[in-house]
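I opened a notebook page for this model. These are my entries, in the order of the look-ups.

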Amino acid sequence: MITMKDIVREGHPVLREVAKEVTLPATAEEKEILSEMLQFIKNSQDPEIADKYNLRPGVGIAAPQIGISKRMFAVHTYDENDVLYSYGLFNPKMISHSVEENHLDGGEGCLSVDREITGIVPRHARITVKGTTLEGEEVKLKLKGYIAIVFQHELDHLDGIMFYDRIEAFQDKLKKPL
Ligand code: SB7
Ligand code: NI
């Protein structure tokens with residue numbers, strides 16, 4: 001069972017690596033890891049289990065967050081219409097996106113970041129993602145709203161990008177000479 005002790009925190013180089021493609025079909029071990037990741041997210045949303053194991057509630061997790069530099073992530077959360085999006089995906093890839101942007105008013109957080117970082121994280125409003133499910137099925141998902149933002153957060157982890165890299169004020173501060 002995955003618990004918080006397995007979660008790699010910021011500062012660990014694996015979070016900054018570009019993760020490697022999973023050779024398909026995925027091995028039994030890769031499938032096992034990805035289903036454990038999905039189970040961790042489900043557990044983190046179960047008040048009793050989360051309390052018992054001290055899990056921080058999460059909506060998704062990417063393999064680099066457990067120290068595995070492979071292109072796979074799990075998402076388990078509901079959209080604005082209470083439709084459940086529950087996926088373990090191998091080699092997820094954004095194949096198109098809107099020009100229009102969107103963001104969460106409250107900003108974003110991350111299981112690998114143990115501090116509050118405020119700021120607007122600009123994201124694409126709509127994306128199309130292709131990937132292979134835990135069951136080995138190829139899917140093409142058209143996403144918008146909250147779910148599209150969660151997927152972009154997870155896709156970024158596979159490219160070594162943290163949500164705060166995209167906070168404009170933060171970027172400006174880094175670029176500005178003293
Ligand atoms: C807020 C939180 C997340 C995505 C988008 C907005 C995910 C939090 C959990 N993770 O750290 C997953 O990488
Ligand atoms: Ni994250």
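Entry 1, the pocket. I looked up where ligand 1 is, and ligand 1 sits in the largest pocket. I took "sits in" to need more than half of the molecule's atoms within 2 Å of the grid points. I took a pocket, on a 1 Å grid over the protein atoms alone, to be an open set of points with protein on both sides within 12 Å along at least five of seven lines.

Basis. The model is predicted: local features need pLDDT of at least 70, side-chain atom pairs count only at pLDDT 80 or more, and totals for chains, interfaces and linings use all residues. Residues are numbered from 1 along each chain as written, chains are lettered from A and ligands numbered from 1 in the order written, and side-chain values use heavy atoms, without hydrogens and water.

Entry 2, the shell. I listed the residues around ligand 1 (a heavy atom within 4 Å). They are V59, G60, Q65, L104, E108, G109, C110, L111, H153, E154 and H157. By class I get four nonpolar, five polar and two charged; Gly counts as polar and Cys as nonpolar here. Helix α3 (residues 145-158) gives the largest share, three residues. Helices are DSSP runs of H or I, at least four residues; strands are runs of E, at least two.

I searched for N or O pairs within 3.5 Å. An oxygen atom of ligand 1 is 2.7 Å from a side-chain N or O of Q65. For H157 I read 2.9 Å, and for H153 3.2 Å. The protein covers 91% of the 360 Å² of accessible area that ligand 1 has on its own. The areas are Shrake-Rupley, with a 1.4 Å probe.

Which protein atoms are donors of the nickel ion (ligand 2)? I found C110 (SG), H153 (NE2) and H157 (NE2), 2.1 to 2.4 Å from the ion. Donors are N, O and S atoms within 2.8 Å of the metal (3.2 Å for Na, K and Ca); water is absent, so the site may look incomplete. The sequence spacing of the donor residues is C-x42-H-x3-H. H153 and H157 are about one helical turn apart because they are four residues apart in helix α3.

Most residues other than glycine have a negative phi, and most peptide bonds are trans. I noted a cis peptide bond between L24 and P25, with omega about 0 degrees. P25 is in the segment before α1 (28-44). D82, not a glycine, has a positive phi of about 65 degrees. I placed D82 in the loop between β2 (72-78) and β3 (84-97).

Definitions and conventions
Polar contact = N/O pair within 3.5 Å; in protein donor to acceptor, adjacent residues only side chain to side chain. 1 Å grid on protein atoms, 1.4 Å probe; cavity = no way out; pocket = protein on both sides within 12 Å on 5 of 7 lines; lining within 4 Å.
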